[in-house]
Amino acid sequence: MSDYDRIAPLEVELDGYTTERRTLEVSSGFTRVTTIVVARGGGVEGRGEDVTYQAEAHDRFPMELDLSGRQTFDDFSARLAAHELEGYAPWAFESAVLDLALRQADASLGDVVGREYRPVRFVVSTRGDVRPWREHYPALEFKIDPEVDWTREHMDELASTGAIRVADLKGYYRGTVVDVPADPRLYRDVVEAFSDSVIEDAFFTDETRPILVEAAERLSFDAPIHSVDDVLALEIEPRFLNIKPSRFGTWRRLLDTLAHGEEHGISMYGGGQFELDVGRDHIQAIASLYYAGAANDVAPA
């Protein structure tokens with residue numbers, strides 16, 4: 001049973017919504033922009049965050065959708081789907097309105113789905129050298145993004161720390177600043193050097209497939225996963241999944257996928273998408289309920 005069946009009948013009174021914008025100057029040439037949906041009704045408000053990466057997309061954020069009225073959360077989700085929104089805007093609306101419904105019911109998500117909140121274990125995600133971090137915080141664990149120009153010596157040094165939980169090869173990204181080609185030498189070195197680590201988003205090619213088959217029990221997937229159907233479409237049955245809630249778009253797809261993972265013994269961990277506001281709180285809360293003890297890439301800001 002998916003926990004969506006528990007939140008679907010929640011009643012919500014939605015009077016309307018407004019938006020707020022968050023920005024952060026990250027580097028020259030890149031300003032991170034997100035949009036906050038503020039859903040109001042019954043004297044309270046719920047909040048959700050659109051983490052679409054393209055800054056210009058936030059200038060086109062839909063401001064006048066007709067979604068108001070008293071309805072179940074499932075009815076709201078169906079009405080929203082009819083608008084066929086782009087990017088991560090659907091998750092912003094769904095998370096805001098679920099937040100509103102929970103506040104109107106004076107309940108937490110944990111109350112409704114019958115799960116307890118637990119302390120969240122998290123990793124620090126970085127492309128840099130982990131050693132300066134460890135000098136200050138020796139207990140930190142890491143999710144790293146190996147690059148094609150990394151040497152085997154460098155990887156062995158990182159692995160010797162015993163703190164690398166996930167190596168993310170980012171093999172499924174296309175046309176982004178984080179693309180990493182499926183280089184057989186890199187894949188072989190990562191699989192061998194980080195022999196106790198989860199290997200995320202390794203892309204299957206004729207050259208990399210033999211390497212990856214050997215490490216099948218450690219493979220995880222992130223970028224291709226938006227639903228249970230995406231999990232079933234993978235070349236191998238995964239043992240790990242990186243769950244980025246906003247990527248699923250709807251609570252139904254998210255919770256159905258979590259149920260599938262639990263039913264099939266798939267270890268799951270949370271991932272972030274550079275949230276600037278309440279979106280980070282939301283992914284931490286979901287991690288707390290569903291995979292608190294995993295190597296969650298949901299570190300505090």
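Biologist: How many salt bridges are there in this predicted model?
Modeller: The count comes to 37 salt bridges.

Biologist: Why is the contact of Arg21 with Asp59 called a salt bridge?
Modeller: The closest N and O atoms of Arg21 and Asp59 are 3.0 Å apart. The rule asks for a side-chain nitrogen of Lys or Arg within 4 Å of a carboxyl oxygen of Asp or Glu, so the pair qualifies.

Biologist: What makes Arg21 and Asp59 a tie between parts of the chain?
Modeller: Arg21 lies in strand S2, residues 16-27. Asp59 lies in the loop between strand S4 (44-50) and strand S5 (69-72). The two parts are 38 residues apart in sequence, so the pair ties them together.

Biologist: Why is Asp59 called exposed?
Modeller: Asp59 has 56% relative accessibility. Exposed means over 50%, so Asp59 is exposed. Arg21 has a relative accessible area of 41%. That value falls between 20% and 50%, so Arg21 is partly exposed.

Biologist: How do you know that Asp277 and Arg47 form a salt bridge?
Modeller: Their N to O value is 4.0 Å. The cut-off is within 4 Å, and the pair is counted as a salt bridge. Asp277 sits in the loop between strand S12 (267-270) and helix H12 (278-290), and Arg47 in strand S4, so the pair ties together parts 230 residues apart in sequence.

Biologist: Is Arg47 buried or exposed?
Modeller: Arg47 is at 17% relative accessibility. Buried means under 20%, so Arg47 is buried. Asp277, at 23%, is partly exposed.

Biologist: What makes Arg131 and Glu157 a link between distant parts of the chain?
Modeller: Their side chains meet in a salt bridge at 3.2 Å, N to O. Arg131 is in helix H5 (residues 131-136) and Glu157 in helix H6 (residues 152-159), 26 residues apart. Arg131 has a relative accessible area of 38% and is partly exposed. Glu157 is partly exposed too, at 33%.

Biologist: Which residues are linked in a network of salt bridges?
Modeller: Arg127, Lys143, Asp145, Glu147, Asp168, Lys170 and Glu200.

Biologist: What makes the nonpolar surface patch?
Modeller: Leu24, Val26, Tyr53 and Phe274 make the patch, which is about 310 Å². Phe274 lies in the loop between S12 and H12.

Biologist: Why does Phe274 count as partly exposed?
Modeller: Phe274 is at 31% relative accessibility.

Conventions. Residues numbered from 1 in each chain as written. Predicted model: local features only at pLDDT ≥ 70, side-chain atom pairs only at ≥ 80, totals over all residues. Heavy atoms only, no water. Helix = DSSP H or I, 4+ residues; strand = E, 2+ residues; numbered from the N terminus. Buried < 20%, exposed > 50% of the residue type's maximum accessible area, 1.4 Å probe, protein only. Patch = residues over 30% accessible without salt bridge, like charges linked within 9 Å, V, L, I, M, F, W, Y side chains within 5 Å. Areas by Shrake-Rupley, 256 points an atom, 1.4 Å probe, with all protein chains shown as cover.
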